[in-house]
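Subject: Structure for you to look at

Dear colleague,

I am handing over the structure below, and after it I have set out what was found. Please read the notes with the structure open beside them.

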Amino acid sequence: MRIATTIFLTDETVTPVRLARELERRGFAGLYVPEHTHIPVSRRTPYPAGGDLPREYGRTLDPFVALGQAAAVTERLALGTGITLVAQHDPIDLAKQAATLDHLSGGRFTLGVGYGWNVEEAADHGVEWSTRRELSSDRLALMRALWADEPTAYAGRFGSVQASEAHPKPVRRPRGPVNGPRTLIGGGAGPKLFAHIARDADGWLPIGGRGLTESVPKLRAVWEEAGRDPKDLQVVPYAVLPSPGKLAHYADLGIEEVVLQLPSADEPEVLRALDAYAAFL
């Protein structure tokens, strides 16, 4: 099982360069970072985990800039977003960012996609909350048109692009109906999410990894009903606080990668966490 990590990188934490070097030196498989462009102080949307919103949510680094730094100082470390709020991006710009990072890193990039939870943040980007899932799906389809080998036009409900020269291309070649970098969708288990995963992605990023015994077989059924190859489905438990029993359970479910949560902290504290997690490598 590949052991990757995630962290809220901020202006107050360990830097991407220092963390990436330490992860690769110690043998960790990857680094995923989250995204929030800003957090409106009105705070009308409650924090999903309950209580006060942690400080780091309003201080996150731009994930593509941070991962670009990490790519430049490593050779093997996988790099991913956990997650990118696709609905809050111009899809033509986002397609260029993702393809460039994948190209420059030699195909090490994973595009983690999320639909978001902060209504005010999305509203400032002009996102209508009730249609954010459909908007994200439409933007992913537009991005895949730009990633296609030949100039490909796309016209969708929310946007369009002419057949265009768009380079660089992501390193990863098409597999099944999805092209571009490896794409995983985060969110809570359910028929709507699973339908989006089967249509738009390579797999699922379930936060915390709870309830997978029941949900993974349901996702596999939806995946196969959509005509996807069962061998291609990837389930990557995300932001996990590990234990030997938990990781063994994931292995029994056929899971090949898990992403462990690091503290959003300074370098000494993060390195202590890596020392503790090294036991699971």
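In this predicted model, helix H2 (residues 63–72) and helix H3 (residues 91–104) pack at an angle of about 15 degrees, their axes lying 10 Å apart; axes are lines fitted to C-alpha atoms, for helices over the stretch in contact, and angles run from 0 to 180 degrees between N-to-C directions. H2 and H3 are therefore roughly parallel to each other, a term used for angles under 35 degrees, and their crossing is left-handed, meaning that the near helix is turned anticlockwise from the far one by less than a right angle. Helices here are DSSP runs of H or I with at least four residues, and strands are runs of E with at least two, numbered from the N terminus.

The contact (heavy atoms within 4.5 Å) is made by Phe64, Leu67, Gly68 and Ala71 of H2 together with Leu94, Gln97, Ala98 and Leu101 of H3. By class, these residues are six nonpolar, two polar and no charged, where Ala, Val, Leu, Ile, Met, Phe, Trp, Tyr, Cys and Pro count as nonpolar, Asp, Glu, Lys and Arg as charged, and the others, Gly among them, as polar.

Arg18, Leu19, Glu22, Leu23 and Arg26 in H1 meet Glu267, Val270, Leu271, Leu274 and Asp275 in H9, a contact of five nonpolar, no polar and five charged residues.

Turning to pockets, the largest is lined by 31 residues, with Phe8, Pro48, Tyr57, Trp117 and Ile207 nearest its centre. On a 1 Å grid over the protein atoms alone, a pocket is an open set of points where a 1.4 Å probe fits, with protein on both sides within 12 Å along at least five of seven lines, and lining residues have an atom within 4 Å of a point. Its lining divides into 17 nonpolar, ten polar and four charged residues.

On the conventions, residues are numbered from 1 along each chain as its sequence is written. Local features need pLDDT of at least 70 and side-chain atom pairs count only at pLDDT 80 or more, while totals for chains, interfaces and linings use all residues, and side-chain values use heavy atoms, without hydrogens and water.

Best wishes

Notes: Angles under 35 degrees count as roughly parallel, over 145 as roughly antiparallel, 65 to 115 as roughly perpendicular and the rest as oblique.
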